[in-house]
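These notebook entries record what I looked up, beginning with the aromatic rings and ending with a surface patch.

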Amino acid sequence: MMDREDTLLEISLSAKSERSTTLSPPIQRWKNAPLHERCNVTDIIKLKKAFTTFGNKLTPKQFRELLQTLLNIEYDDEEFNILFMKINSNRCGVIDWSEFVSHLMLGFFANDPENQRASLQLPITESPTVIRSHHRHSITRICFCPDVAQDRSVDRMQGKYITMSRDGMLNWWSLDLTLLRSTFSVSPSLKVCATWVTDMTCMPDVNIIVTSSTERDLRFYDCTAKTFTLRLVITSWEHMICSFDYFFQQDANKECVLVCGDSGGHVRVLTFSPVDRGPFRNTPGASLVQIRHRDLQKRVSNIPMRLVELTGVHSGWVRQVRWYDTLGCVLSCAACPDAMVLRDLTAKVNSVFRVEKGVQCFAADTQRHVVVSGGLDRVVRVWSAFVPTRPTAELHGHRSAVVALVLSDPATVYSVSRDRAIKVWDLHSQLCVQTYVGVPAGVGSHAPLAALYRGCTRELLLGGARLARLAVGRREHTDRTDGRTHAKPVAAVLYNPLFRLVITVGMDSIIINWDVLTGKRNAIVRDAHTWVVQGEVIPVEMTAACFDPAHQLLLTGARDGTLKVWNFNTGECLRKMAIEHMCEVANVFWVEGRILAVGWNRHVTEFEAGPGAGPGGAAGEGGKAWETRHTDDVLAAAARPPYTLATASYNSELVFWKLETGQPYRQFSVAEPSLRIKMIHSKRSQGSPKSPLVQIKRPSITRHLSDRESLSSMSSTSRKTFGRRASGVALPAGAAGMRRLAAHAALALNTRPASMHVASFLLALDNGKVQCWSEHAAGGLRGTFRAAHAAGDYVAALATDQQNRYLFTGTTVGYVKVWLLTNYLSHEKVHVSMPKLRLTFPFLWRDRIEGRAKRSVRGQRLPLLLNSYRAHLRCVTSLAFVDEMELLLTASSDCSVRVWRLSGEYLQTLGGHIPWSLEQTRFPPDVQKVASFTTLKVLFRVWRGGEVSRYVPGRPPPDTVGDVTALELRTHTYGVPLPAPPLPRTLEPPPRPLPPPPPELDDSLPTIPLYTHLRLAGTAAVRRAQTPPLVRDTRLREAQAKLPRTHFDPNLI
């Protein structure tokens, strides 16, 4: 009790001291500042004490006074209400300490640069490309031989792949994995049986391929001019060489290093000078050079090569070696307790990295001195090159031995295990980002895998029985795209006017909370919908989303039929529901006290949304099913609270429902709008109380269907699935009449009255038209207009503003069109100022030649097309309009959400790599390459400071040929003259003759002799042009050089 009184006294005293202006200056207060930016450790301790004093419950008034006295933060009424609703996740009217701390943590997360840069796309998203290896045995080594110029500069983008098998077969591959040639590495001595080749590496600066075999020799092959000639053989090694590494530098004065590891645990280093190819210099008539290891060791051979031996490095086979260029050391590993050793050539530096079961492979970054190792114990270890005593991190997760490691980015590691599983690790968080198991078994199910990574192209090659190429960690080109918002297509984009933020829902099962003013991620919900298959958690694609009427909660629907309620500010799942197992949810609606979901179960499912509704069990909460009126999957729906719900199916059925009672009152066919379908109501059967869904007896509905309609209703499931996909190919005229019209999008105009002559529902069909329907009982189809851009295109997304003045449509080919709904099928007529609209929409400016957008609506007076431009290269899936800032958000299947002005200027892409700004307009890089002149006119109005020339009818065009004479106009010789030819004056072409006058035919005779009027070339000989002096002197000099010379030739004296 005393603590509470002390705290209240402290608050009152601080308040009095702040109100006192005579004794001390006024305290500076922060206006509408974020809490996480103004709280330090001391402030948090004070706030914790204050929460404890008030019983861990603070009302809005108490919390506001606490912020003013302790943190000196003052909020406006509207800003404070938004802040309190964000913190009060339980919506109980008071906040506790846990909710306050959760809000601070989310604020710290939003300010963390690492979280803002975190990519939502997995490093490996594509399936590997598998080709035939053309080897008799499994591939044991893959290497890349880059092109080296004469100045010894290396071009990593050009070169060839080389694969090797144990029988000595080497295959050369192009960059697109096309087989170029095949060769064999065989022993120069006659042997009864063939020996195995253990390893191979390329020496691109000297055009040499070196191989080792079980005969304890090294074979150096010359590959100049596509040859494969054995130049040098070093025989009689003490142990078999089993691993290689080669290093060279651009400076020719520095020696090249070839590191060899053998089966006895020794490491041997060969160094030579690359000047004139060193020991591999081409000498005409030179035969094969064979030397013994002992001669090279004693330096009694004539080969300019130096040998340095590091003996007894390991107690087992050396599995891998690497020249550590920044330290001048050799890094090697073996399957023994002295697993990895870093030693210089003088043996002064000897760092031993001990692992009980040894190391099979490693990857090293010689600039940051980071080493990653893996072996038989299935653990990936991260080491510092200067701290060999213990690893920096241990990454567990593999189920078999690690056979290959790749250190790609500064903090990304790819590890390949023997069971063909690839794991991607983040070294900063020490977590596994992805586990990829999509490598086919035919690549290396019964043989060890050989791996090669190319950093410049970000490709991983795996070799075994076959050759596989896998794209890993692909980066987006900044000159081709502005980035992605999600890793997969975006299902929905929503704007919340209460919190002034944007919610994006992707098919990658990720929900992102965005701040539209700063472009930052406020919160991320990963794996929002999942299901378990054989113990593995698999994300489920989300297909629908909406807000509650108070705009405080988010409702999402997924492809497996599940629904979830989220607090999008904290990322907490509050409730789980389900309509039917593995039944896709097409649309969800949240009306007062109820949640409605429609999908491929062909009826509406209702859930209670009141305060008494629990969070649901693990399997999901079932709902009450409305009467089944559809005979096919429901694809589009729109709600107009509190009156009407409209649902449309794949086979042209349109049903209007009363939201208050859940009963249908009108049914139509969008293919035959004038057809009146009689509604026959039947009693519902009593369902079993144990069933999660109420069982409904399917009513018999009398329908007047034609023979073609009945034929289309008997189509197979595969045909319906194919028909739902967006297609850019126009159907033939005969086939178009045989299939029904499917509805793909629906929209309700909430500001319009429910009148018989007023259209309050819009329905987009797959024939490219938008139908306007009245929800009145005596209403029906009020009008139709074409909204598609080309043949085979149709509208896939609809949106409008709060006043229902504009209609925004997105098509399957990526076009966004803006329509003026004022005076179109409405109850009142409003004056429209066309000059004002032309100032906002440059699309309305007249063109000399009308584009496709204007030609498609020619003769269509209403609704007026205000704008049309290419927003995406793929289908537009969702649209949202921000009325306060007049911004349009477009979501597409190209995984991006873009921000546009109402006039059509492009601003930003959510989650892109361009600095966020809503003031500067840009041009989408991907659209720029394929944009039409109409799109360029809309987007070029401000971009690059350019102005589009407007065509005004009646104004005479500028005279550009006023000074052209009649002769120049007739001979087309006016304009800028051609530049002078680069050839000398002797080869200047003759002047162009004037065209001959028209012939005068003699028609007095019965037959007109045309041959007398033909113009023929003269019979005089054409004089040959004079040879230039430089060419004449060169020919004379070459002719004199070819003459035979004698001892008395004066030119030789």
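Entry 1. I began with Tyr414, which is buried, with a relative accessible area of 3%. I note at the outset that the model is predicted.

Entry 2. I then looked up aromatic pairs, and the count comes to 23. A pair of aromatic rings is described by the distance of the centres and the angle of the planes. For Tyr414 and Tyr453 I found centres 6.4 Å apart and planes at 25 degrees, so I recorded the pair as stacked. This pair links distant parts of the chain: Tyr414 belongs to strand β26 (residues 412–417) and Tyr453 to strand β29 (residues 450–454), 39 residues apart.

Entry 3. I turned to Phe656 and Phe761, whose ring centres lie 5.6 Å apart with planes at 75 degrees, so this pair is edge-to-face. Here too distant parts of the chain are linked, with Phe656 in strand β48 (residues 653–658) and Phe761 in strand β51 (residues 761–765), 105 residues apart. I found both Phe656 and Phe761 to be buried.

Entry 4. I noted a cluster in which ring pairs link Phe220, Tyr246, Phe248, Phe272 and Phe280.

Entry 5. I next looked for charges over rings. The charged end of Arg454 sits over the ring of Phe144, 4.2 Å from its centre. The charged end of Lys854 sits over the ring of Phe843, 5.2 Å from its centre.

Entry 6. I located Ile538 in strand β37 (residues 536–539). Ile538 is partly exposed, at a relative accessible area of 30%.

Methods:
Residues numbered from 1 in each chain as written. Predicted model: local features only at pLDDT ≥ 70, side-chain atom pairs only at ≥ 80, totals over all residues. Heavy atoms only, no water. Helix = DSSP H or I, 4+ residues; strand = E, 2+ residues; numbered from the N terminus. Buried < 20%, exposed > 50% of the residue type's maximum accessible area, 1.4 Å probe, protein only. Phe/Tyr/Trp six-rings, centres within 6.5 Å; stacked < 30°, edge-to-face > 60°. Lys NZ or Arg CZ within 6 Å of the ring centre and 35° of its normal.
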